[in-house]
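Q: I would like to learn how to read a model from its fold down to its backbone details. Could you take me through it step by step?

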Amino acid sequence: MIDLSIKKTQIALRDKKFTCTELTQSYLDRIKQTDETLNAFITVTEEVALRQAKKIDEAGDFSSPLSGIPMNLKDVICTDGIKTTAASKMLENFTPPYNAHLYDRLLDGGAILLGKTNTDEFTMGSSCENSYFGSSRNPWNTDYVPGGSSGGPAVSVAADQSVFSIGTDTGGSIRQPASFCSVVGLKPTYGRVPRHGCIPYASSFDTSGPMTKTVEDAALVLQVIAGQSMKDATTVDTPVPDYSEFLKEDLTGMTLGLPKEYFGEGVEKEVSDAVMEAVDVMKKLGATIVEVSLPLTKYAIPTYYILAKSEASTNLSRYDGIKYGHATDQAKELEEIYMKSRSEGFGDEVKRAIMLGTYALSAGYYDAFYLKAAKVRALMKQEFEEVFQKCDALIAPVSPILPFKIGEKSNDPMAMYMVDVLSTPINLAGICGLSVPAGLSASGLPIGMQIVSNQFEEGKLFQVGHAFEKATEWHLKKPQL
Amino acid sequence: MDSNSNDNQSKLTKADVKRIAHLAKLEMSEEDAEKFLPQLQQIVDNAKMLEEVDTSNIEPIAQITGIDNMVYADQIETQNLASLLLAQSPQTIEKGMIKVNNIL
């Protein structure tokens, strides 16, 4: 029962094939059996999950869209009374007094919380190796990284430890681990899902979205968590469409663009070959394929890290050892409390981000770095808008490279940043992207395809992704554990 | 600023790393400063490629979906969060306030 999609699990629950408590217990058992190896979970909320399941069984009502579906949240999404650590020593013992708005929406939808999953510290990283609690491991080969920062969420779905998870994506953190672990990952448009209660990294980029076993499931979950929130002034009143209407199995009338810069230098051949094979499938489904160009792509990495680290440096100034989080016991004066608490509480990548951001925002460098990058960002948004005049969606790899070995890049921050070269442009433009399983390398490692569309066009992503999924079997492949 | 002075300015030294760390309220040992210096230098050098992009007459962007000034009715709501929030503090609480160490 633990390998089913949301849709199939719900049918089984409604037909009384098993109870919600039996289902939840099966997932808890699976976590117990596999997580010593995979390290996907930071906290398992067994008691909460079984209590929520019992309530659903007693009510016997499976009419809500996620009724009785066991899931987990990346450990940067606040949960009232349940530890939320951001995988940092700084928040190792932090228990929020309120829920993130998106978690309240999931609870209203009937979902069951199995636990909180692993991430790079404060979501800064592309491999999950920057977690204070140790890296998660890729279930396809446990010597390899699961991707990041939403490594725990991706592993938990790939290894059938949960039906779905909610990750966050600031520069690729949902799509890249989804690609590395062969699950579906949606980065919604900026402002489509409320950020309230999600521990911030870079506020003008941060998004939260579903990581699932099928495209249809991603559409179901987005339906529940999307929409304007009075708790987040950057959410918009753009109506949330009925996403199920986009789940057709044919692409006639759709134009898909292949941005040539996303297939160029630095993209491994096995990756681009797999995506081109997927393009052939979509052509057979009726799509028109056109080549397009996004010449500013090569500037995405510096533009992204200047802006994201600048925002991070201000966001993370709240951790001072006074209001909450880690406090040093080695200080006499106030400033010493700040300096020592922060130095003890943050890991190296977070320190690098804070220092780079502080530098880019400081007097004398602000114009050359922060302001320059904010202008390049405006140009990149414009470039995407022009491309979407010519096509409905773009098709590209998610990651230019296959999953890499644990430790391979952990001492080379610049090499790690470059991994995000094909995912950060989507965050810079505030548009939406979906990662779907599209192949396996000769060495048996997953390859993901990225479908990208304009702001608030998630429906088009679901249409293309669902049609591709129905015509292929990559999403059915499972790692041997 | 012209590109020459920019080159000079963005050549980082260990003293710069320590100054930035201090601005960011991070303690920085000699050892750490030595470790971070080449990493930050490499990242800053890479960012210089942005100079190639012509951004004259371009307005910088920070709000990507184009919304501004979201307003809502200014109504007082009772939250009763004060004691819960104070309980989060790792410092001593006295009379509903967080007691901190000396400033000097």
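Predicted model: local features only at pLDDT ≥ 70, side-chain atom pairs only at ≥ 80, totals over all residues.

Q: Where does A:Ala87 lie, and what is its phi?

A: A:Ala87 belongs to the loop between β2 (70–74) and α4 (101–108) of chain A, and its phi is positive, about 50°, although the residue is not a glycine. A:Ala87 counts as buried because it has 33 C-beta neighbours inside 10 Å, where 20 or more are required.

Q: Which residues does the cis peptide bond join?

A: The cis bond links A:Gly148 and A:Ser149, with omega at about 10°, and A:Ser149 sits in the loop between β3 (112–117) and α5 (151–158) of chain A.

Q: In which sense do β7 and β8 of chain A pair?

A: In a regular strand the side chains alternate between the two faces of the sheet. Here strand β7 (residues 255–259) and strand β8 (residues 288–292) of chain A pair in the parallel sense over five bridges, with A:Thr255 standing opposite A:Thr288 of β8(A). Together with helix α8 (residues 269–284) of chain A, β7(A) and β8(A) form a right-handed β-α-β unit.

Q: How does the radius of gyration of chain A agree with that of a compact globule?

A: A compact globule of 481 residues would have a radius of gyration near 23 Å, so the 21 Å of chain A agrees with that expectation. Of the 481 residues in chain A, 63% count as buried, and the secondary structure comprises 15 helices and eleven strands.

Q: How many residues of chain A are in contact with chain B?

A: The size of an interface is often given as the accessible area lost when the parts come together. Counted by residues instead, 55 of chain A are in contact with 45 of chain B. On the side of chain A that touches chain B, α12(A) provides the largest share, twelve residues, and by class this side has 32 nonpolar, twelve polar and eleven charged residues.

Note on methods
Residues numbered from 1 in each chain as written. Chains lettered and ligands numbered in written order. Helix = DSSP H or I, 4+ residues; strand = E, 2+ residues; numbered from the N terminus. Rg over C-alpha atoms; globule rule 2.2 N^0.38 Å. Buried ≥ 20, exposed ≤ 12 C-beta atoms within 10 Å, placed from the backbone. Contact = placed C-beta atoms within 7 Å. Nonpolar A, V, L, I, M, F, W, Y, C, P; charged D, E, K, R; others polar. Pairing = 2+ DSSP bridges. Right-handed = clockwise from strand over helix to strand, strands pointing away.
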